[in-house]
Amino acid sequence: MTTTKEVSYIVGDALKENKEFKFAKKFMKEVVKIDSKRLNPDYHAYYNENHQSIVKDRGNYLPPSNCAKFALQVGTLNEDWKTAFHGTSLKGAKGIIARNAILPAGTKGVKTVAGHIATNAIWCSQSHLYAGHPVYASPIQYKGKYVQLIVQLKVKGDTMLKHEGGGEYGITTRGWPSNLLLDPRIPNDQLAWWTKKPEDVVAYALLVFVSDKPPKSFYKELAKSRRKDKQFYISRHKKNLNYHFPPTVAT
């Protein structure tokens, strides 16, 4: 496995002693209420800090950070497909799990959320930081904490289309400065993927993110820290975007 920094996660019996995973598991039981038969506990995990990790021999997989993973029963996954993330609401996550599929907005009762791009497509990202923005992953208050849900996907990479965005610096997200790198492992104009083919997308896990602060505060503080380092700024030369990646991240 080729990485820029070793992926850090917890699996197996060690999860029983991890308080963050136990809190997320209680949330799953009391709020999400998934039938236990839909879960595959052999592949549950807790991801630690991985913001500098890129697994190059898995299609430049960008592992998530600081979240619990609850694996779903989906059969054998195609490891040649790429890993992606889809931020959603509690209702959206329940629907995806109940249908055992993620469908394009506008089909079979799946509505386009207000403020999102109105198109009959499935949207996702290589970056959990993008998918986890509260514009997409609606916060849920639970026992004094803020919880967000992201569906972890396998996608057929050669059929996914990139949405480069119409802004000066590529893709934009409400509440995030368009001229700052959101995830320093990937250019902003490569953050958003979409497809109209549900057969090319498999939802294989639900990620549970828990925070003491509202997610909007997290992204506000993240942008503030990014502004202090010129390496996070995006510049434009004619039609080309110039990215100044931090030296700890391979481009």
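The structure is a predicted model, in which local features need pLDDT of at least 70 and side-chain atom pairs count only at pLDDT 80 or more, while totals for chains, interfaces and linings use all residues. Residues are numbered from 1 along each chain as its sequence is written, and side-chain values use heavy atoms, with hydrogens and water left out.

In soluble globular proteins, nonpolar side chains tend to be buried together. A nonpolar core is here a set of buried Ala, Val, Leu, Ile, Met, Phe, Trp, Tyr and Cys residues joined through side-chain atoms within 4.5 Å. A residue is buried under 20% relative accessible area, exposed over 50% and partly exposed in between (1.4 Å probe, protein chains only). The largest nonpolar core has 34 residues, and the members that touch the most others are Phe27, Leu153, Leu206 and Val208. At least two residues of this core come from each of helix H1 (19-32), strand E3 (67-71), helix H2 (90-99), strand E5 (122-125), strand E6 (140-142), strand E7 (145-155) and strand E10 (201-211). The most is given by H1, with six residues. Helices (H or I, at least four residues) and strands (E, at least two) are DSSP runs, numbered from the N terminus.

Contact means heavy atoms within 4.5 Å. When neighbours within four places in sequence are left aside, the contacts of Leu153 include Phe85, Ile102, Cys124, Val202 and Tyr204. A second, separate core has 17 residues, among them Val135, Leu182, Leu191 and Phe232.

Side chains of opposite charge can pair when their charged atoms come close. Five salt bridges are present in the structure, a salt bridge being a side-chain nitrogen of Lys or Arg within 4 Å of a carboxyl oxygen of Asp or Glu. One of them joins Glu79 and Lys154, with the closest N and O atoms 3.7 Å apart. Because Glu79 lies in the loop between E3 and strand E4 (82-88) and Lys154 in strand E7, this pair ties together parts that are 75 residues apart in sequence. Glu79 is exposed, at 54% relative accessibility, whereas Lys154 is buried, at 3%.

Another salt bridge links Asp13 to Lys16, with 3.7 Å between the closest N and O atoms. Asp13 is exposed, with a relative accessible area of 59%, and Lys16 is exposed, with 57%. Glu221 and Lys213 also form a salt bridge through their side chains, at 3.2 Å from N to O. Glu221 is partly exposed at 42% relative accessibility, and Lys213 is partly exposed at 43%.
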